[in-house]
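This report examines one protein chain for a reader who is new to structural description. Please consult the sequence and the structure while reading.

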Amino acid sequence: MRERDLKALEFDKVIHLVMDLCASDPGREATAELRPSIDAAEVQRRLTATAEMVELRSHAGSIPISEFSDQRPYLLAAARVGAILGGEALVKVRDFIVGSRHVGGFLRSRVERFPHVAALVHNLLAPKELADAMLGALADDGKLLDDASPELKRLRSRLRDERADLEARLLRSLNASGMESFVSDYIVTIRNRRFVLPMKLNYSERFEGIVQDRSVSGETLFVEPMWAVELNNRLMMLEREAEAEETRILARLTAMVGGYAPELQLTFDAMVALDALNARALFAERFRCIEPQLVDEGIDFIGARHPLLMTSGRDVIPIDVKIGAGQRGIVISGPNTGGKTVALKTVGLLSLMAQAGMLIPALTGSKATVFRSVFADIGDEQSIESNLSSFSGHIANLSEIIRSLDEPALMILDEPGAGTDPAEGAALAIGLMNHLGTRRCMLAIATHSTAVKLHAYSQAGFEAAAVDFDAEHLAPLYRLKPHTIGQSYGLAVARRLGLPEEIIRAAEQSMGTGTIELTDSLKRLDAERAKLNEQVEKLRAREASLASVEDELIQDAEKSRVGAEADRKRLRAEVAELIEELRRDGAALMDELKTRAKSRTDLKGFITKAAAKLEGLAPAPEDAPESEAPLKVGDTVQVGDIRGELIVLDATRAVISRGGLRIEVAPERLRRSSAIVAENRPAQPKAATITFSFEGAEGNELNLIGMRTTDALRKLEEFLDTAFLTNRAEVRIVHGIGSGALRKAVAEYLGTSPYCASFRGAEPHHGGAGATIVQMNL
């Protein structure tokens, strides 16, 4: 994309706003180089990364990125064999390493849900051992700490002691008796890295020494006494040894930096990217930006705002701009100062921002297209150097645009055809619209030309829109009205600004009839549109109110559902616990009945209590859906958790069969085994009653012929249980003659059964030796 188009749409100014939010100079440099991408996948990656950073900041707070310097020169120098970086350079490297580790430690536990940010954090590889080594060796001013090495500490300690001793001896020498006439000042100073005394010119009368320097006035000599020469020499040797040790330490630290150069380069690149990304996120927060949806065709900017207008401190009125898929563009008309150019720039600028990976100042639901080229022809294009007029400058720019058009393209044109004969200019603009409309080029045009307005309004594929204007007060409203043509209000503005009335009337009379009729039609159209908008706003308000009520109802229903589900879970648990309890108590009671420890009266009491407990736990059934078929004999039904087959159903009672039992209940307590509730439930359901009936045998007889002994005895036990519960005094067991084994097994079982009072062989006409008559122990 051309730099001139980026500047015309003020993309460079937005970039500077983002640069101001960067923490480091490398981050600002990276942001300055940011340009719109034409690769849809890359654009989506950038937008997603920025959106992730915005969301991350909303949860984690500010990212602790502080100022850091460009590390590339230091890393390049450290990678050379034998290189030694100075203390100040190493401190900058140290501060960068410490800062990057701080950022990494802050982000690593917070980026699991943000893969694009996590990829950058993954490259923060500055090693802890390097950070520790540099922190332990370097002071903030770049000088080495005494603890940088044991040898350096020893040498510096000796130096301090030797200097203190020499200074003390020199001071005593200055203050010795008789020195008053030779001393220029009572201080010990240093010249040529040697400790000296400030003496007068006659010092030699007092002691021998070496003059190391002389004052500007020439009245003071800086003299090193001969007795101090050896001490100064020893100090200089210690200083040389300390300097050598310092050089060795700096070389070691530099070598460590060079050894970690690849990791540090990755870390630096990641920190720069994080700084630039964080700045884009800060921009998005400050200007209330959103991530637009990328689409193949068209744009739909909802509640769009120009970011540079937002920085002015004025209230910015959002605009909606929509160019649907398959449409060729939009033509915006209206008076001067109404906001046409701002609307054009907003369309172009937001498209460029999105392609650069920046979130846009609009509302959620906005859509953008990735254009391969974006062009703008805005403002005065005249060029004195090229001897071009404004019209010629525009034509030269349009010619270049047509030659370099790369589809899909977005073209922003402000007053195309201006600067020449209005009719010819309008024809040129219409020609551009027709030509570019045949290509994958989306046009956004601002115009005063009636011919261009009507062409856009009448031609399929172009959206006609107008900037809103208060005709009564002649004040722009800075809103964009779709599907309409805007008036220029030139004569009305001229009248308000004081142009003589006779000139205004003459101008109105010179206007063609068609123009006057068009103006009147547009006024009526605006009036009708205003009424329609008022009705639409009322409908929207009503819709919002209904939506609010609907939301409340949905919330209430959800609360009721959750409460009902909790009640059902609790009830199921209680029923399951009760059934288990009844099973245990029933089994114990049956054992006691068999041993005659309990009587039939106890059994009836147990049954009554069990029925009462079941009735108390059974929930009041809900009304079944009207479409549910009524229950009928043969259906599988249930009461609580007891399921069985419905064998009797009338108005007052229902009987269900389960195994060898029949359970009688009120019909209203029944529901299908699929949990569908029976219909026509009365307000007060009847209490459930449980009765037992004999099933599985004909009358009082049990036929065991053909069964194996174990199966026959199990069947006999069930038969006797049921006969006892149903109060049968005498029953017949048919076992046949055969080998006599089954007859013998039956006799042995009856001899030990608590249900059997006595038994005998049947009479000949009742089966004789093939049957046994049992007297029940009731």
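This is a predicted model: local features need pLDDT of at least 70, side-chain atom pairs count only at pLDDT 80 or more; totals for chains, interfaces and linings use all residues.

Setting aside neighbours within four places in sequence, Gly437 is in contact with Arg328 and Leu432. Along the chain, Gly437 and Arg328 are 109 residues apart, yet 5.5 Å separates their C-alpha atoms.

## The chain as a whole

The chain consists of 778 residues, of which 42% count as buried. Its secondary structure comprises 22 helices and 24 strands. The accessible surface amounts to about 40500 Å², and carbon and sulfur atoms account for 53% of that area.

Of the contacts that join residues at least 6 apart in sequence, 67% are between residues at least 24 apart.

## Nonpolar cores

The largest nonpolar core has 67 residues; Ile97, Leu107, Val117, Met134, Met199 and Val257 touch the most other members. When residues up to four places away in sequence are not counted, the residues that Met199 touches include Leu174, Met179, Phe182, Val183, Phe207, Leu221 and Val223. Met199 also touches Ser184, Glu219 and Thr220.

## Helix H11 and its partners

Two packed helices are described by the angle between their axes and the distance between the axes. Helix H10 (residues 226-259) packs against H11 at an angle of about 65°, and the two axes are 5 Å apart. H10 is therefore roughly perpendicular to H11. On the H10 side, the contact is made by Val257, Gly258 and Gly259; on the H11 side, by Ala261, Pro262, Glu263 and Leu264. Sorted by class, these residues are 4 nonpolar, 2 polar and 1 charged.

Helix H4 (residues 40-60) also meets helix H11 (residues 261-286): their axes come within 9 Å and cross at roughly 70°. H4 and H11 are therefore roughly perpendicular to each other as well. H4 contributes Arg46, Ala49, Thr50, Met53, Val54 and Arg57 to this contact, while the residues from H11 include Leu274, Leu277, Asn278, Arg280 and Glu285. The contact of H4 with H11 has 8 nonpolar, 2 polar and 4 charged residues.

Notes
Residues are numbered from 1 along each chain as its sequence is written. Side-chain values use heavy atoms; hydrogens and water are left out. Axes are lines fitted to C-alpha atoms, for helices over the stretch in contact, and angles run from 0 to 180 degrees between N-to-C directions. Helices (H or I, at least four residues) and strands (E, at least two) are DSSP runs, numbered from the N terminus. Angles under 35 degrees count as roughly parallel, over 145 as roughly antiparallel, 65 to 115 as roughly perpendicular and the rest as oblique. Contact means heavy atoms within 4.5 Å. Ala, Val, Leu, Ile, Met, Phe, Trp, Tyr, Cys and Pro count as nonpolar, Asp, Glu, Lys and Arg as charged, and the others, Gly among them, as polar. Buried means under 20% relative accessible area, exposed over 50%, partly exposed in between (1.4 Å probe, protein chains only). Accessible areas come from the Shrake-Rupley method with a 1.4 Å probe; for residues, only the protein chains shown count as cover. A nonpolar core is a set of buried Ala, Val, Leu, Ile, Met, Phe, Trp, Tyr and Cys residues joined through side-chain atoms within 4.5 Å.
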